[in-house]
Structure formats: C-alpha cells, structure tokens
Amino acid sequence: MARPVWTGTLSFGLVSVPVQLYGATRGHSLRFHQLQRGTSDRIRNRRVNECTGEEVPADDIVKGLDVGEEYVVVEPEELDDIAPGRSRSLEISGFVDLDEIEPVYFDRTYYLGPKGEENEKVYGLLRDALAQSHRAGIATFVLRGREHLVAVTAEEDILALHTLHWADEVRSPREEVGPVPERVRGGPSKNKELRTAVQLVEAMSTAWDPREYHDTYQESVRSLVEAKSRGESVPKAAEPAESTNVIDLMDALRASVDSARQGPGRGGSGRRGSGRSGRSGGGAEGGKQSGGKQGGGKAKSRTAGGSSGRGLDGLSKEELYERATEAGVRGRSSMNRGQLIEALGGTGSKSA
C-alpha cells in the first residue's frame with residue numbers, strides 16, 4: 001500500500017471524516033542522465049552561492065522574494081503559520097454539477113481514502129451521494145506549500161480529488177489562438193461536407209478503453225536505445241501527413257467513412273459491423289445516416305435491387321454517391337459519375 005501524500009479531515013456541512021490523499025498517476029518516461037559528450041562522466045547540478053562559488057547545504061537555503069531593492073526572506077515555518085488550511089482540513093464549500101467544470105480547469109488527480117475503518121461509513125455516504133447527484137464538491141486546501149482549488153468526485157467505489165486551475169491561470173482561447181472558422185449554419189442537413197464528417201465521426205465511434213492505447217513514442221525510444229546498444233540503426237518514422245487540400249476534402253471524407261465502416265485491416269472486403277463501425281453498420285444503417293431525405297426503402301428499390309436504374313442519369317455525383325452508400329457499393333469513393341451509375345444498375349457510362 002502506498003504512503004499518503006497528505007492526511008487531514010474532509011468536511012461538508014457539519015459532517016467530517018479523516019482522510020488520506022494518494023497519488024493516482026505515475027509517469028513512465030525514460031529518465032536520461034546528462035553526460036559530457038565523448039565520455040561517460042555524469043553532469044551534476046549543484047546549488048552554489050553565485051558570489052563565492054561555494055556549494056550551499058540545503059539547510060542553509062531559504063526562500064526570498066525580490067521586492068525591488070532587496071529580498072524579503074520567508075522561513076518555512078512562517079509559511080505554515082499563514083497558510084489557509086494549516087489545521088490540515090479540506091472543507092467543501094459547495095457542490096456543483098460535474099458537467100459544468102470545463103476540462104481545461106482539471107490539472108492532476110489524487111485518490112482519497114478513509115483513515116481507519118471507523119470512518120468508512122461517513123466516507124461511503126459522501127461517495128454515494130456524489131455519484132447519485134452527479135456533482136463535485138468544491139474546496140481549497142494547502143498541499144506542499146501551495147493552496148489548491150479542488151473538486152472531490154465519486155469515481156466508481158472511491159473518492160477522487162482533482163486539483164483545478166485557478167480562473168486567472170486559464171488563458172482565453174480567442175486571445176491565444178486568434179480567428180477560427182465560424183460554425184456551419186444549418187448543421188449537417190444543409191452542408192454535405194459536414195454531414196459526411198458527422199458520418200465519419202459516427203463510423204469511428206468506439207467504447208473508451210484506455211488499455212487499448214500505448215505510449216508508442218516511449219516504446220520507440222526504448223527500441224532506439226536497445227538498437228544503439230547493439231550497434232544497430234533503426235529506420236526513421238514516417239513523415240506526418242500533409243494538410244488536406246480543400247478541393248479534395250469531400251473525397252477524403254468519403255474515403256475515410258468507407259475505410260472506417262469496413263473496419264481496421266479489412267481492406268475492400270465490404271464487411272461491416274466490427275467493434276469500431278458497428279454503430280454505422282452497412283447498407284440500411286448507412287442509408288439512415290446519409291440519405292434520410294431520400295427515404296431509405298425507396299432508394300434501395302431503385303438501386304440495390306438491380307432494376308433498370310431509370311432516373312440515375314439526372315442525379316448529381318453527390319446524389320449518386322449517397323445512393324451508392326445506401327446500397328453498400330464497394331469502392332464508391334474512387335468512382336467517377338459514370339462508374340457510380342453503372343454500379344447502381346444504370347446503363348450510362350458518362351464520366352464525372
């Protein structure tokens with residue numbers, strides 16, 4: 001069992017419970033040492049007096065704040081005396097809807113555990129109340145010489161404490177990023193590119209399972225170190241993808257939808273319903289998403305049934321593509337207008 005990083009009392013209203021705080025995450029980055037080039041000699045950082053050049057023991061180092069003409073020295077004990085929460089209390093001042101806390105405010109997560117079996121009932125009561133109300137308790141407390149704004153939440157069977165950024169620490173996106181495109185008016189029903197982009201998002205939808213994701217960069221670094229230790233070289237990684245040309249945007253979106261619906265590693269087999277594309281399905285399900293205004297059943301009777309294909313010559317390439325999507329025509333993203341008509345059962349062979 002890990003050692004707690006903080007011990008104190010969590011209170012809400014007139015109810016209080018002794019708790020202990022534990023780190024919820026740990027890093028897995030490789031730790032490189034600094035060496036002098038051409039040698040195996042380690043480089044050490046030392047605290048030295050900039051006037052004398054002599055190393056200073058840790059006990060002789062104090063905190064000083066530059067106020068202009070001089071430094072004001074503050075001892076650790078003085079900080080403890082004036083720090084709010086010096087009695088080691090974590091007092092919840094109110095409860096907010098968890099969805100109201102924007103993701104940008106979350107910083108770091110800790111676990112809160114009850115201190116002693118005799119405190120488990122009160123601890124469990126707060127945990128269950130937060131879970132059922134979908135709310136977070138907001139509080140402030142001091143940890144490692146800093147006051148933190150925190151949110152206490154219920155995470156499965158345990159209480160979690162999330163440190164939050166203060167309001168003045170969060171930058172304005174407009175000031176940092178600058179101008180961004182305006183939202184598409186009318187939504188997917190009025191914009192074909194947006195409709196196709198929504199289809200792509202749906203086709204690529206999947207259940208959240210963090211175990212499926214790995215730090216491939218760290219794995220590559222380990223492979224590089226192992227290869228160099230054997231005197232071998234490793235191939236360079238692929239270059240990043242180039243920006244999509246606006247002219248080719250629709251074709252790129254359609255091809256992406258097709259690929260996602262087919263599932264990973266299935267190529268052009270046309271099979272549907274894998275874990276990632278199950279929500280999209282194929283054929284009829286795809287028709288619901290892309291051809292709602294056409295009427296799924298009616299469209300299928302004119303295309304997928306292999307009938308004469310009357311009326312296809314009068315449709316635009318975009319409309320033909322929607323029909324092909326409903327019919328589950330494979331390879332449609334790379335077809336021109338004539339090929340789409342032919343695939344849909346028509347006799348025309350006009351090019352796009």
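This briefing covers a strand hairpin and its surface patch, the cavities, and the salt bridges of the structure above. The model is predicted, so local features need pLDDT of at least 70 and side-chain atom pairs count only at pLDDT 80 or more, while totals for chains, interfaces and linings use all residues. Residues are numbered from 1 along each chain as its sequence is written, and side-chain values use heavy atoms, with hydrogens and water left out.

- Strands are DSSP runs of E with at least two residues, helices are runs of H or I with at least four, and both are numbered from the N terminus.
- Aspartate 66 has tyrosine 71, in S4, as its bridge partner.
- Four residues lie between the strands of this hairpin, in which glycine 68 has a positive phi near 120 degrees.
- Valine 72 belongs to S4 (residues 71-74). This valine 72 counts as partly exposed because its relative accessibility is 38% (buried means under 20% relative accessible area, exposed over 50%, partly exposed in between, with a 1.4 Å probe and protein chains only).

**Surface patch**

- Leu65, Val67 and Val72 make a nonpolar surface patch of about 270 Å².
- Patch residues have over 30% relative accessible area and no salt bridge; like charges are joined within 9 Å, and nonpolar side chains (Val, Leu, Ile, Met, Phe, Trp, Tyr) within 5 Å.
- Accessible areas come from the Shrake-Rupley method with a 1.4 Å probe, and for residues only the protein chains shown count as cover.

**Cavities**

- The whole structure has three cavities of 30 Å³ or more (a cavity is a set of points, on a 1 Å grid over the protein atoms alone, where a 1.4 Å probe fits but cannot get out).
- The largest cavity holds about 100 Å³ of space, a volume being the space filled by probe spheres set on grid points joined across faces, edges and corners.
- The largest cavity is lined by 11 residues, of which Thr196, Met250, Arg254, Tyr321 and Glu322 are the closest to its centre; lining residues have an atom within 4 Å of a point.
- Helices H4 (192-203), H6 (249-262) and H9 (317-327) are the elements that each give two or more residues to this lining.

**Salt bridges**

- The structure has four salt bridges (a side-chain nitrogen of Lys or Arg within 4 Å of a carboxyl oxygen of Asp or Glu).
- One of them joins arginine 127 to aspartate 128, with the closest N and O atoms 2.9 Å apart. Aspartate 128 is partly exposed, at 37% relative accessible area.
- Aspartate 209 and arginine 211 form another at 3.0 Å, N to O. Here aspartate 209 is buried at 19% relative accessibility, whereas arginine 211 is exposed at 69%.

How values were computed: Pairing = 2+ DSSP bridges. 1 Å grid on protein atoms, 1.4 Å probe; cavity = no way out; pocket = protein on both sides within 12 Å on 5 of 7 lines; lining within 4 Å.
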